[in-house]
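Please walk me through this structure, beginning with a detail of its backbone and moving on to the spaces inside it and at its surface.

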Amino acid sequence: MADLFSLKNRVVLLTGASRGLGRDMALTLAGAGATVLCAGRTVKELEATARAIARKGGKAHVVPLDITDEDAVRAQVRAIIRKHRRIDVLVNNAGVIHRQDIVDTETADFRKVIETDLIGQFVLSREVGRHMLAREYGRIVNISSVMAILGRASVAGYVAAKHGLVGLTKNLAAEYGPHVTANAIAPGYIRTELNIPLQRNKDFNAMLEQRTAAQRWGKPEDLRGALLLLASDAGAYITGHTLVVDGGLTTILA
Ligand SMILES: NC(=O)c1ccc[n+]([C@@H]2O[C@H](COP(=O)([O-])OP(=O)(O)OC[C@H]3O[C@@H](n4cnc5c(N)ncnc54)[C@H](OP(=O)(O)O)[C@@H]3O)[C@@H](O)[C@H]2O)c1
């Protein structure tokens with residue numbers, strides 16, 4: 001049964017592989033046998049991820065990329081296909097957040113979140129998708145959030161983008177079948193640099209522990225099962241779906 005979740009001989013393009021959830025995803029995908037193309041802007045951190053994979057006997061390459069630079073995305077996708085012959089799996093994980101109430105938020109700050117958390121995913125899914133459709137194989141996994149289900153004060157751009165990403169995922173599924181699947185993962189709160197202000201907030205911690213059935217913050221490794229399911233042949237008949245991995249946060253009205 002382990003073969004069902006294997007990524008042996010698969011080439012995976014993973015954005016945001018430099019730190020946080022993406023770093024753990026890179027190690028997970030490589031551990032399942034994939035060659036992981038680690039994309040992001042901070043080359044030093046990407047190199048550290050690639051080294052960690054190599055230390056465990058896995059395969060990884062660094063792909064310097066700002067996903068909001070459309071020309072760079074086009075050029076990198078072309079270069080990857082020239083070098084590696086294919087992209088089997090695209091994991092759109094890179095993302096940013098901007099914390100400010102709507103009345104104080106500049107349009108440019110709202111726009112930056114939409115550019116990074118929604119439009120970048122559209123451009124990558126289009127460029128990689130053309131290639132996957134021609135090859136008649138592909139898995140796209142978009143990292144959304146529980147902020148695609150709930151609203152929350154002070155993160156309007158993030159909430160809008162993550163809701164949009166769930167919609168985009170459904171449309172990718174509608175247009176890319178039958179051989180290419182597109183799904184999303186909606187993680188709950190997992191300790192990374194993205195949410196340091198919340199980790200330091202006593203009230204927030206108490207609320208999270210009370211509202212989640214799991215009674216704790218998530219850990220990056222809590223996403224591994226969902227990622228491998230949607231990235232491998234195990235997920236062949238799952239498409240357009242958003243898999244919530246939140247310890248019960250959005251199912252419980254506490
Ligand atoms: N942590 C959570 O609780 C949580 C919950 C739900 C959803 N998520 C989502 O999970 C994903 C990863 O979050 P995280 O918590 O791991 O955040 P993180 O630690 O801040 O990491 C964000 C990653 O995105 C990359 N990135 C940001 N802007 C980019 C750009 N323009 N081009 C390329 N890469 C870019 C960063 O690399 P560079 O800065 O080096 O480019 C970094 O690798 C995000 O989409 C986030 O919204 C996180």
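**Backbone details, a cavity and a pocket**

Gln-215 is found in the loop that runs between α7 (202-211) and α8 (224-231), in what is a predicted model. Although Gln-215 is not a glycine, its phi is positive, at about 55 degrees. Is Gln-215 buried or exposed? With a relative accessible area of 57%, Gln-215 counts as exposed, because the cut-off for that class is over 50%.

Asn-9, which belongs to the segment before β1 (11-15), has a positive phi of about 65 degrees although it is not a glycine. The relative accessibility of Asn-9 is 53%, and therefore this residue, too, counts as exposed.

Another feature of the backbone concerns a peptide bond. The bond that joins Gly-177 and Pro-178 is cis, with an omega of about 5 degrees, and Pro-178 has its place in the loop between α5 and β6 (180-187).

How many cavities of 30 Å³ or more does a search of the whole structure find? The search finds one, and the volume of the largest cavity is about 60 Å³. Among the residues that line the largest cavity are His-98, Gln-100, Thr-105, Asp-109, Phe-110 and Val-113, and the lining also includes Ser-154, Val-155, Ala-156, Gly-157 and Tyr-158. The elements that contribute two or more residues to this lining are α4 (107-135) and α5 (156-176). Sorted by class, the lining of the largest cavity holds five nonpolar residues, five polar residues and one charged residue.

Open space is the last topic. The largest pocket holds about 890 Å³ of space, and of the 41 residues that line this pocket, those closest to its centre are Asn-93, Ala-94, Gly-95, Val-96 and Leu-194. Which elements each supply at least two residues of the lining of the largest pocket? They are α1 (20-31), β2 (35-40), α4 and α5, and the largest share, three residues, comes from α1. By class, the lining of the largest pocket divides into 17 nonpolar, 16 polar and eight charged residues.

Notes. Residues are numbered from 1 along each chain as its sequence is written. This is a predicted model: local features need pLDDT of at least 70, side-chain atom pairs count only at pLDDT 80 or more; totals for chains, interfaces and linings use all residues. Side-chain values use heavy atoms; hydrogens and water are left out. On a 1 Å grid over the protein atoms alone, a cavity is a set of points where a 1.4 Å probe fits but cannot get out, and a pocket is an open set with protein on both sides within 12 Å along at least five of seven lines; lining residues have an atom within 4 Å of a point. Grid points are joined across faces, edges and corners, and a volume is the space filled by probe spheres set on the points. Helices (H or I, at least four residues) and strands (E, at least two) are DSSP runs, numbered from the N terminus. Ala, Val, Leu, Ile, Met, Phe, Trp, Tyr, Cys and Pro count as nonpolar, Asp, Glu, Lys and Arg as charged, and the others, Gly among them, as polar. Buried means under 20% relative accessible area, exposed over 50%, partly exposed in between (1.4 Å probe, protein chains only).
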